[in-house]
Amino acid sequence: MSPSQIIVLATPVFFALIAVEYAIGVKRRRNTYRLDDAITSIGLGMLSQISAVFTRLLRVGIYTAVYSAVAIWPDHPFWTSWAGWLVALVFYDFCYYWLHRAGHECAVFWAAHVVHHQSEDYNLSTALRQTSSGALLGWVFYLPMAVAGVPPLVFGVVALIDLLYQFWVHTEQVGKLGWFDRWFCSPSNHRVHHAVNDRYLDRNYGGILIVWDRLFGSFKEEDEKCVYGTRKPLRSWDPLWANGEVYWGLLKDSWHTRRWSDKLRVWFKPPGWHPADLAERFPTPAFDIAQVQRYAPPMDRGAMGFAGIQFGLLLAGVAGFLWFADTWPLARSAVVFTVLLVALWVIGAVMQGRIGMGEALLIECGALSMATAALGWLELHRVFKPLAMLLAIGVVVSHARVTGGPRRCDLLLIAALVFSLAGDAFLMFPGYFIPGLVSFLVAHLAYIALFREGVPWFPSRLALVATLGIGMAMYAFLWQGGLPAALRGPVAAYVLVIALMAAQAFGRATLHRDGAALAVALGAGCFMVSDALLAMNRFVSPLPMPQVWVLTTYYLAQVLIVMGVLRGRSAERQRPLSLKTRPRALRRLRQEKGLKLAARTDDAHCPTTDTPAATTKTP
């Protein structure tokens, strides 16, 4: 039985203990759980386990290679005796102490370990909040066990025991335990480790034994109320950002600092260290524990119910993945992993209010359409592929109703999605390539008209030249690759239209310079990539797993355009331009771009019928 399968079997026990802790907390009127925080913590534990399927070769492989090459006592019968198992467990816990300590005293190790500390609550769900990148460097600390000759099987078992032990110490419902606290890692000792109080910072690293902290001067007894989290709070439910925020900060510091030695030192100095030039240019305010406030974005009952249902479905999917992934080909595991990752991100985004439930379902259906195509589940693919576009249309219609009824930009977006749906339907069946091509051609024409709203034709000549050049190069490549003569004319028309669509979108982004317009432009770029991959696979040479690359970029394009257009419309409705501001903005655009703008002065993203009334007031 693999470690992943053992985790699956242990999961019901974890949830049963979480339920018991929750019930005790409610009874004592000291509940320590919040739905959004608990889902995020458990979700990060899921991500850690499913990503471990791909890093296990790194962790176990390197250990096994060192063991085979330089072990002092390889295959010694001592290690399989009861005394050997006990020594191996203590040995592992000793190595874990130093890895854990490095995770708090060296920035690159903290970048991985920080995930476990980001929760501002402290309960058993926090125990499941684990890193997905720790295996990249953490294996170094266990090489002494390989050198000593601890067999890989014994190493794997004691590692699992050490990890499972640490689950129960993440609770506020268990007080001090007397003599036990002096020898072992206990709830009291580990609460200190998770606290950001000055007196508790970077203390009590032991996994099973706390004697290591007593021996090496890192022990601190719990004697005041703990405040949990990190001194630079995450303030997000995004699992990807949770794993990447510190790495991103270190990359920025390494980029901005001037001295080459400091570019390296930022990775190995203690967390929070900055070179002198960065400390002067980007001063960091001192930490004040009195100013700490828990992150709690508002979430209505609908979003809470949606997140709960999605979380339950995701949990079942993760359990199935962990049970079978070790016997699957790597490509299948990667595809299923992608779907699970998308679903996990979607839950966090809904809880955080970044996307709505309709948008979440659209993103998930796109991922499922890609996965079912890549895995050869054609019947399911024929369900999810049109369903994704139907959901996109539903999102636009719902948004139009909320914002006062459909406008011209809504109708253009719906038209583009309807013809995209038709193209999807045609391309799912052999022999309908031309109708599919025509459908997408009309969809792109609708997108061009949509991106033309409120801006001149092709406001960026550079974008126009670049996209046309890329289109011509792609067409030449397809021609040389064996494009059939009967398709040369239709494909040329298609390439021209999609290049013009991308040029209009990128030009629009150069004028608006906001996140919504940039999302639309990126979506148009993804469309070009998707169509190029589709054409290469069909006319030049088969690509490995083409469904993954073609459909991933295709749905990314649709999602970015839909969300960008709707976000842009909402922003413009909230920020109407005054009559005084509008001519000034138009004059600036004429000066910067040297273009003759259209006479109309519609809103930048979408015209509204209430524009004249809105513009009589100066904001």
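How much space lies in the second largest cavity? About 50 Å³. Keep in mind that you're looking at a predicted model.

To see that cavity, select Ile39, Thr40, Gly43, Leu44, Trp237, Pro239, Leu344, Ile347, Gly348 and Met351, which line it. Helix H2 (35-70) and helix H16 (330-352) are the elements that each give two or more residues to this lining. Colour by class and you'll get seven nonpolar residues, three polar and no charged.

Next, the largest cavity, with about 70 Å³ of space. Pick out its lining: Arg34, Asp37, Gln118, Ser119, Glu120, Arg129, Leu234, Arg235, Ser236, Trp237 and Tyr295. Here the classes come to three nonpolar, three polar and five charged residues. That's the end of the cavities, as a search of the whole structure finds two of 30 Å³ or more.

Now for something open: the second largest pocket, at about 1400 Å³. Centre your view on Arg231, Lys232, Pro271, Gly272 and Thr284, the closest to the pocket's centre among 45 lining residues. Then show helix H3 (82-105), helix H4 (107-113) and helix H12 (239-256), each of which supplies at least two lining residues. H12 has the largest share, with nine. By class, the pocket lining splits into 23 nonpolar, 12 polar and 10 charged.

Last stop, the surface. Select Met1, Leu9, Trp323 and Phe324: together they make a nonpolar patch of about 440 Å². Leu9 sits in helix H1 (residues 3-28), and it counts as partly exposed because its relative accessibility is 49%.

Note on methods. Residues are numbered from 1 along each chain as its sequence is written. This is a predicted model: local features need pLDDT of at least 70, side-chain atom pairs count only at pLDDT 80 or more; totals for chains, interfaces and linings use all residues. Side-chain values use heavy atoms; hydrogens and water are left out. On a 1 Å grid over the protein atoms alone, a cavity is a set of points where a 1.4 Å probe fits but cannot get out, and a pocket is an open set with protein on both sides within 12 Å along at least five of seven lines; lining residues have an atom within 4 Å of a point. Grid points are joined across faces, edges and corners, and a volume is the space filled by probe spheres set on the points. Helices (H or I, at least four residues) and strands (E, at least two) are DSSP runs, numbered from the N terminus. Ala, Val, Leu, Ile, Met, Phe, Trp, Tyr, Cys and Pro count as nonpolar, Asp, Glu, Lys and Arg as charged, and the others, Gly among them, as polar. Patches are made of residues with over 30% relative accessible area and no salt bridge: like charges are joined within 9 Å, nonpolar side chains (Val, Leu, Ile, Met, Phe, Trp, Tyr) within 5 Å. Accessible areas come from the Shrake-Rupley method with a 1.4 Å probe; for residues, only the protein chains shown count as cover. A salt bridge is a side-chain nitrogen of Lys or Arg within 4 Å of a carboxyl oxygen of Asp or Glu. Buried means under 20% relative accessible area, exposed over 50%, partly exposed in between (1.4 Å probe, protein chains only).
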